[in-house]
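Student: I would like to learn how to read the packing in a structure. Please take it one feature at a time.

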Amino acid sequence: GQHGTHQTLDLPKISERRGAHKSEQAYTDASQVYTVVKVAVATHQQDAWNKKTNPAFWGNTGDVELKACLSALEALESVDKSLPLPDYLHHLNSAFLVAIEQYRKNDWLDPDGFGVGTLHAIADVLNINCSNSNQR
């Protein structure tokens, strides 16, 4: 067979392979992007709740990550979904960068960097935090 990898995981396509380069997603409109980010946030929220059930191991990481998920949702909700796709992605990118910057500036929010990590992981589904930021 052609598909040498038979892992039929019926999960939303959130790349857990952190290092792997995701193919550029071909989004067609803003509402599609919105849904993808929503799913990513929900997945991270679930993960954060799981961490909260084991505070002995995770400390307050679950709480930090839940707050970061809320920041991600605020960023998401702050952008008008009726914008043309390139504008929408641009504004959404900016909103995420602002959220990430808030965490960076306020170390006490996120002393171990889990909040920033969560925001980056969510923003990742858009390929919007491309480190080659030559698209200013």
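Student: What is a nonpolar core, and which residues have the most contacts inside the largest one?

Tutor: In soluble globular proteins, nonpolar side chains tend to be buried together. A nonpolar core here is a set of buried Ala, Val, Leu, Ile, Met, Phe, Trp, Tyr and Cys residues joined through side-chain atoms within 4.5 Å. Buried means under 20% relative accessible area, exposed means over 50%, and partly exposed is in between, with a 1.4 Å probe and protein chains only. In this predicted model, the largest core has 28 residues, and those with the most contacts inside it are Val33, Val37, Tyr88, Leu92, Phe96, Leu119 and Ile122.

Student: Which helices each supply at least two residues of this core?

Tutor: Helix 1 (30-52), helix 3 (61-77), helix 4 (85-105) and helix 5 (114-124) do. Helix 4 gives the most, with eight residues. Helices are DSSP runs of H or I with at least four residues, numbered from the N terminus.

Student: What is Val37 in contact with?

Tutor: Contact means heavy atoms within 4.5 Å. Leaving aside neighbours within four places in sequence, Val37 contacts Leu76, Leu92, Phe96, Ile122, Val125 and Leu126.

Student: How do I read the packing of helix 1 and helix 5?

Tutor: Two packed helices are described by the angle between their axes and the distance between the axes. Each axis is a line fitted to C-alpha atoms over the stretch in contact, and angles run from 0 to 180 degrees between N-to-C directions. For helix 1 and helix 5 the angle is about 145°, with the axes 9 Å apart. Val37, Ala40, Val41 and His44 in helix 1 meet Thr118, Ala121 and Ile122 in helix 5.

Student: Is Ser71 buried or exposed?

Tutor: Ser71, in helix 3, counts as buried because its relative accessibility is 18%. Not counting residues up to four places away in sequence, Ser71 touches Ala99, Tyr103 and Leu119.

Student: How many aromatic pairs are there?

Tutor: Rings of Phe, Tyr and Trp (its six-membered ring) pair if their centres lie within 6.5 Å; planes under 30 degrees apart count as stacked, over 60 as edge-to-face and the rest as tilted. The structure holds one such pair. The ring centres of Phe57 and Trp58 are 5.1 Å apart and the planes are at 85°, so this pair is edge-to-face. Phe57 is exposed, at 61% relative accessible area, and Trp58 is partly exposed, at 29%.

Student: What do the numbering and values rest on?

Tutor: Residues are numbered from 1 along each chain as its sequence is written, and side-chain values use heavy atoms, with hydrogens and water left out. Local features need pLDDT of at least 70, side-chain atom pairs count only at pLDDT 80 or more, and totals for chains, interfaces and linings use all residues.
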